[in-house]
Amino acid sequence: MEREMQINNSMFIENDPESYDNVGDIRKNLDDDGRSKRTGTWITASAHIITAVIGSGVLSLAWAIAQLGWVAGPAVLTAFSFITYFTSTLLADCYRSPDPVTGKRNYTYMDVVRANLGGRKVMLCGLAQYGNLIGVTIGYTITASISMVAVKRSNCFHKHGHHAKCHTSNYPFMIMYACVQIVLSQIPNFHKLSWLSILAAVMSFTYASIGLGLSIAKVAGGGHVRTSLTGVTVGVDVSGEEKVWRSFQAIGDIAFAYAYSTILIEIQDTLKSRPAENKVMKKASLVGVSTTTMFYVLCGCVGYAAFGNRAPGNFLTGFGFYEPFWLIDFANICIVVHLVGAYQVFCQPIFGFVEKWCRKQWPENKFITSEHGINIPFCGAYYINIFRLVWRTAYVIVTAVIAMTFPFFNDFLGLLGAGSFWPLTVYFPIEMYIAQSKLKKFSFTWTWLKILSWVCLIISIVAAAGSVQGLVQHLKIYKPFKTVQD
């Protein structure tokens, strides 16, 4: 019940947000598990997926296609879209267990693995999932700062010419990005995040469309660029060794570009109970993956047609285009806004995990458990938890410091992606489906699922090797405190 700490017109009250005045209200406003009624739909779930999947990496797909060529590039893109969608449908059926429609809810990926597999696999799942999520949030801090720097450099190039030395430090922009994230990190949970995901999804469509449009204009404008069925040419563009390593990296980049399994269960936990969550999640996955694939193929293939074998790693921040400078600026601003939302989508599971663990360890600690309501005029009550405020602020600050200390971290992120892609996107969904369906060993379905799992394991190992090689090359040329430009 509500307890007023001061007089009736006080702006500060201590309140339990889950309490209601009568049993009828409680039943009306709670789901079958006793938690607040979920309101998510396939639209909000699709927005979460698109926000998570379509990152600024879509602008680097032209580089990936350039390494693989006209045949293997689009084929790999299409293949991984099918693999990702298929395994996401298997994972969606594990949200409830043992029955996918009427079983007990599992709120996190670790809960799902615990309910279906158990044992040490739960710990391995946690290490892979949260290690990947932490790495992504650090990587987004770096990427967002690069886009903000690109806006300043674009204006400098427009004013002083394309050969001007427009050097700009990334550090002030990382600090700005972290300040915004400190505020947004006070959004309590995934259920309150829908508006930000929808905004971020719109931004991702916008900058991907701008990149696509500029590439089409470049192709229509003529000019000779070299493309081939097999990608970059050995002896002309790269050496034989470089061709192999770059192909490994390109395959890994494409495979990881689709992965959103780390947050799928958390997204599904926002959905209404009716219709069944697994059916709605499958529909959202189909919409999200289909939309992503369309943009990936268009941006990758048209970008390769525009730049050929010399396609840059990112043709907006890497200055594949200089003009019109205002459109390049707008596209980079859209990238920043998208990454603001994507950061929250990826860090909410981390916040939820730590806060749940702390409440379980210290259930009587008021600093951790009590909610304080602040009456905001025209907006109603907003509930603040002091522990949540302190811990989330500290997390954002630490990730920003790591980003500033290791500006080459995005290369390391490729290695993290390689390490988490196979277990989280392929292995666990397949193993849980086999356990849930009680498939017989060496049956047809069991056999081809195992073959798919082993093939994806080999791809992860190959991609990890490519990432390690790329990381080693960057470490050789890295100088501390060097300004990050690409």
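The legends below describe close-up views of a predicted model.

Figure 1. The protein has 486 residues, and buried residues make up 52% of them. Among contacts with a separation of 6 or more, 78% are made by residues 24 or more positions apart.

**Figure 2. Helix H3, residues 61-92, with its bend at Gly69.** A straight helix of 32 residues would span 46 Å at 1.5 Å a residue. The end C-alpha atoms of H3 are only 28 Å apart. H3 bends by about 125° at Gly69. Of the 32 residues of H3, 23 are buried, so this helix is largely enclosed by the rest of the structure.

**Figure 3. Helix H2, residues 42-53, and its surroundings.** H2 has 12 residues and reaches 16 Å from its first C-alpha to its last. That is close to the 16 Å expected at 1.5 Å a residue. H2 is mostly covered, with 10 of its 12 residues buried. The buried residues are Thr44, Ala45, Ser46, Ala47, His48, Ile49, Ile50, Thr51, Ala52 and Val53. The buried residues of H2 pack against several helices: H5 (121-160), H7, H8 (240-257), H9 (261-268), H10 (277-307) and H11 (325-361).

**Figure 4. The crossing of helix H2 and helix H7, residues 194-220.** Two packed helices are described by the angle between their axes and the distance between the axes. The axes of H2 and H7 come within 8 Å and cross at roughly 55°. H2 and H7 are therefore oblique to each other. Their crossing is left-handed. On the H2 side, the contact is made by Thr44, Ala47, His48, Ile50 and Thr51. On the H7 side, the contact is made by Ser194, Ser197, Ile198, Ala200, Ala201, Ser204 and Phe205. An α-helix has 3.6 residues a turn, so residues three or four places apart point the same way.

**Figure 5. Helix H11 and its bend at Cys347.** At 1.5 Å a residue, the 37 residues of H11 should span 54 Å. The end C-alpha atoms of H11 are 54 Å apart, which agrees. H11 bends by about 35° at Cys347. A proline, Pro349, follows within four residues of that bend.

**Figure 6. The packing of helix H11 and helix H13, residues 386-405.** H11 and H13 pack at an angle of about 130°, with their axes 11 Å apart. That angle makes H11 oblique to H13. H11 passes H13 in a right-handed crossing. H11 makes the contact through Tyr343, Cys347, Gln348, Ile350, Phe351, Val354, Glu355 and Cys358. H13 makes the contact through Phe387, Arg388, Trp391, Arg392, Tyr395, Val396 and Thr399. Cys347, one of the contact residues of H11, is also where H11 bends.

Note on methods: Residues are numbered from 1 along each chain as its sequence is written. This is a predicted model: local features need pLDDT of at least 70, side-chain atom pairs count only at pLDDT 80 or more; totals for chains, interfaces and linings use all residues. Side-chain values use heavy atoms; hydrogens and water are left out. Helices (H or I, at least four residues) and strands (E, at least two) are DSSP runs, numbered from the N terminus. The expected span of a helix is 1.5 Å times one less than its number of residues. The bend at a residue is the angle between axes fitted to the seven residues ending there and the seven starting there. Buried means under 20% relative accessible area, exposed over 50%, partly exposed in between (1.4 Å probe, protein chains only). Axes are lines fitted to C-alpha atoms, for helices over the stretch in contact, and angles run from 0 to 180 degrees between N-to-C directions. Angles under 35 degrees count as roughly parallel, over 145 as roughly antiparallel, 65 to 115 as roughly perpendicular and the rest as oblique. A crossing is left-handed if the near helix is turned anticlockwise from the far one by less than a right angle, and right-handed if clockwise. Contact means heavy atoms within 4.5 Å.
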